[in-house]
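Biologist: I'm new to this one. Could you put it up and take me through it?

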Amino acid sequence: MTIADPDVSVEQALAAQTSAASNAKKALSSPWASLAAVVIAVLWTLPTAGLLISSFRSEDDVKTSGWWTGLTGPFTTENYRAVLKGTDVDLATYFINTIVITIPSVLIPISLAVLAAYAFAWIKFPGRDLLFVAVFALQIVPIQVTMIPLLKLYVQPPFNLAPLAGGDAPGGGFYTIWLSHSIFALPLAIYLLHNFMSQIPGELIESARVDGAGHVQIFSRIMLPLMAPAIAAFGIFQFLWVWNDLLVALVFGGGSLDVSPLTVRLAELSGTRGQDWHLLSAGAFVSLVVPLIVFLALQRYFVRGLLAGSVKG
Amino acid sequence: MSAGEKFVQLVICVAVFFGVVALILLVTSRLRSRSGERIQFAAFVLPAVLLIAVGLLYPAISTIITSFKDNTQTEFVGLDNYHTVFTDSQQLKVLRNTALWVALVPTLSTFIGLVYAVLVDRARMEKFAKALVFLPMAISLVGASIIWKFVYAYKDNENDQIGLANQVLKSLGFDTYNFLLNEPWNNLFLIVIMIWVQAGFAMTLLSASIKAIPEDIVEAARLDGVSGLKMFRYITVPSIRPSLIVVLTTISITTLKAFDIVRTATGGNFDTSVLAYEFYVQSFRSNNAGLGAALAVLIFVLVLPIVVYNVRQLRKLGA
Amino acid sequence: MRTRNTRRVAALAAAVLGAGLALASCADDDDGGGASGTWPGADKTECKDLEQLADFGDLSGKEVGVYTSIVAPEDQAQKDSYKLFTTCTGAKVKYEGSKEFEAQLPVRVQAGNPPDIAFVPQPGLLKTLVATGKVVEAPSQVSDNVDEFFGEDWRAYGSVDDKLYAAPLGANVKSFVWYSPSMFADNGWEVPETWDDMLALSDTIAASGIKPWCAGIESGEATGWPATDWLEDVLLRTAGPDVYDDWVSHDVPFNDPQIAEALDQVGGILKNDKYVNGGIGDVKSIATTAFQEGGLPILDGKCAMHRQAGFYAANWPEGTNVAEDGDVFAFYLPTVSEDFGRPVLGGGEFVTAFSDDTVVQALQTYLSTDVWANEKAKNTPGGGWVSANKGLQVENLVSPIDQLSGQILQDPDAVFRFDGSDQMPGEVGANSFWKEMTAWITGQSTADTLDHIESSWP
């Protein structure tokens, strides 16, 4: 809920953010509330903790006894060794591919979405809301139904354009992965960012208009700085989805090992017939490290992050 | 390709992209008139809309067409596929399960995420506490399902347990329980996995929005003598209502589409299948593209109420 | 960048070339007149048994892509076995393994982006792929090799409408019962020779206080497949190979009394709570136990027998001695009657090509030779691979269980039948059959189970 109150300065509003929550918290603070927080935290962590311990246990132990019996050891790093050195392709290659895939797949959709979200929120156009609803509703399309039609387009594009996928794909097949990730991210990105955009008070835009600023100026000088936290926050979610993606890379990468991300390696860790499932725990943690670092690093944006748009100017 | 070449590709791609965006901004920045505004709108929106049209709308339309064709995609069969969907005896259970997922996952993950966000707000080690609940988000749905399969693993009472949940039951003196087998409760245990993942998403977004509640509202309320649960109920929740809607909507759509958990944990057996999984099975295992497409279209239709609700909110905002 | 036109020209050229080659090979001694350049293997001793490859000329600098469901660590032996091909032809093999193979391959084919060669593990999927018109018929060299090294039955599994599309590659034997030789010896139990002996033994073991059988059919989305193998194996023994073939082709309906009889026979073990589920739980626990873990209670002495394919060898934890005098080994699932010889249930992969480039045909040819089969055996130091190729020398196989599988596959008295669910249409073989067998384990009646599957047949 946005309450337009032009008398409140940005400073005041920023200061106000800090204590509103603490009041809400006081509202719930009782021994029971603290207990509830601890219970949630424990429930949410326990399965992962079990996985962490399993990842340091031997195959025999993992397959025959529960992880809690192994709290005191013996521990082994054998599983991690198997994950890091299990094939003739270096794990570093997969890591590099994942990074190369992830960076544009995060930057491109966010940039396009932020532009579109601004237009949907602040530029008047006939049929604007209808178009917005259409974009937002297309979130429901599962990636699985796009596979064949989209891949067909990439392999045999109309108008004799050069094919983007297949054996002769430019960039070794990265372009189709980037493009596909961008497309699939757009509806949600536009929907979320539009929500923040539209909560920024209209007075801010109006006064800038009165001062003679055009949309491009307003967008780049006022909106982008205000939206920085929101952008960073959506960025981490998009980062996570791309980092954990297997399907898009498999389908649209066109089957070139050159572009296979880490998830391709993780998926085959358990072996052709799933016999090596004890390696999955170690694999999960290898893959988890980078997203966790990114999350912790970007968390300061989260604090005043998404929806900080209700700050008034 | 060497690592160096890959990074060169990366830089080229990003540079070209931002070059184009900068060009759009530069060209349209000079426009001021009313018609200029329309051009600006088009310039801002078209790149995204075109990509969505090609990558999502076109496949969606071709899915709708496919849903009227037979399984080899050669002949139109009218409503036959839809007829199959609604007359199959198993299908009622699938619809019931889907309803259960869509009712429970968004509400419970949002509720837990909200409560947790409020509870740890400004607590010591807040960042660490949030990272704990966020962690499942960073694990893929398949990974999460595998983790929980370990938690639910069943052996009867006489044997050593591998699953944590049954170890707890056994320690407390109860009989061990086959969590994934017994209908309808097994559905709830699968839903727990999705909630476990999605609560982190809700917590993160809602925590940020709680911090953005203007202090003056809270002050005013306090002066009026509002405190405790009432503050939560009458101030906190209404203040973050737009974000609550966004979070609920996003999780609902994610839940409607999600089949990885069912696929990994039970393979749809023991009456745990959901629409999205049936769609997957028909399209990619049974080679029944027509029926699969009909199921996908059913999922499209189910999202309509959510869309309508959001349109109403949009109208309210515009008014 | 190749355009579609040049590709078409290349295809035409290859076709003309292929025809020329066929004539050339009839003319004998003329080593590949139409092919470009002499083949690099011409004067290498290791290539002397691969003269067929001379037909394809010098393939240096060419590359052929292989797409399979065989992933690390099992893929290394595959890759190593192609080295000889590279030595003899100059062409490189680009290998890609994926666990999503079965779902992804049809997508790639339909979207017009197929791999050069795919190792298809199910004749049913092969049939579906051939129906798309994208699969290329096997070249004459492959056809000759299949005639020479594989039986009629294997040729049929790789054929659609009597045309050979795909030569068999690897194989596996499913008619095995895993047991612990030391446990049997300690208790004075003997490996049973007949079905009745096996049931008698089960009773003896059950009387001694442990449940004789253990099983697990959970396998994610494929949950139920080990139960379908049970039914197939027993059907081969109670009704015989001919009824089995008619059942697979749906000339005998799925709910025929003969099938019901076989399923009840399976139920006599799998749904008998005196017999199962050793070391795990009750009958229903079979449905939620991962197939990888189904046999592990044998190691703790909590279960005595586990029916599963030879490839289950890889599931025993590292350090387990898999041998006739070791910790675990397998015996042939006994016959019910003597009327039908020694039926053997198994599976395998088929080399399916989507291109008729020379280099693709060269690799297809190489993979269908006895030379490759032996090369693969020697390159699989950890064991876990076998082929139905009659040119394969069993002593080249490393592990005892592989050798046993190899002997069974080459045994002239054995009546081999391919896994039935792999040959049925996807609606049944990869869906209702699995699902209904799982429901059967958790309590559904035999009649209902078979009726449901019958009604799902397209």
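Modeller: 31 residues of chain C are in contact with 29 residues of chain A, where contact means C-beta atoms, placed from the backbone, within 7 Å. The model is predicted, so local features need pLDDT of at least 70 and side-chain atom pairs count only at pLDDT 80 or more, while totals for chains, interfaces and linings use all residues. Residues are numbered from 1 along each chain as its sequence is written, and chains are lettered from A and ligands numbered from 1 in the order in which they are written.

Biologist: Which elements give two or more residues to the side of chain C that touches chain A?

Modeller: Strand 2 (92-97) and helix 4 (101-110) of chain C do. Helix 4 of chain C gives the most, with 4 residues. Helices (H or I, at least four residues) and strands (E, at least two) are DSSP runs, numbered from the N terminus.

Biologist: How does that side divide into nonpolar, polar and charged?

Modeller: The side of chain C that touches chain A has 13 nonpolar, 10 polar and 8 charged residues. Ala, Val, Leu, Ile, Met, Phe, Trp, Tyr, Cys and Pro count as nonpolar, Asp, Glu, Lys and Arg as charged, and the others, Gly among them, as polar.

Biologist: New topic. What are the domains of chain C?

Modeller: Domain 1 is 62-172 + 346-414 and domain 2 is 176-332 + 425-456, with bounds from an automatic or database domain assignment. Their centres, taken over C-alpha atoms, are separated by 28 Å. The contact between them takes 10 residues from domain 1 of chain C and 14 residues from domain 2 of chain C.

Biologist: And where is C:Gly278?

Modeller: C:Gly278 lies in the loop between helix 12 (257-270) and helix 13 (285-288) of chain C.

Biologist: Why does C:Gly278 count as buried?

Modeller: Because C:Gly278 has 25 C-beta neighbours inside 10 Å. Buried means 20 or more other C-beta atoms within 10 Å of a residue's own, with C-beta atoms placed from the backbone. Leaving out residues up to four places away in sequence, C:Gly278 touches several residues, including C:Trp213 and C:Cys303.

Biologist: Last one: which strands pair with strand 3 of chain C?

Modeller: Strand 1 (residues 63-68) of chain C runs parallel to strand 3, joined by 2 bridges, and strand 10 (residues 342-353) of chain C pairs with strand 3 in the antiparallel sense over 4 bridges. Pairing requires DSSP to find at least two bridges between two strands. C:Tyr67 has C:Ala118 as its bridge partner, and C:Phe119 has C:Val351.

Terms used
Contact = placed C-beta atoms within 7 Å. Buried ≥ 20, exposed ≤ 12 C-beta atoms within 10 Å, placed from the backbone.
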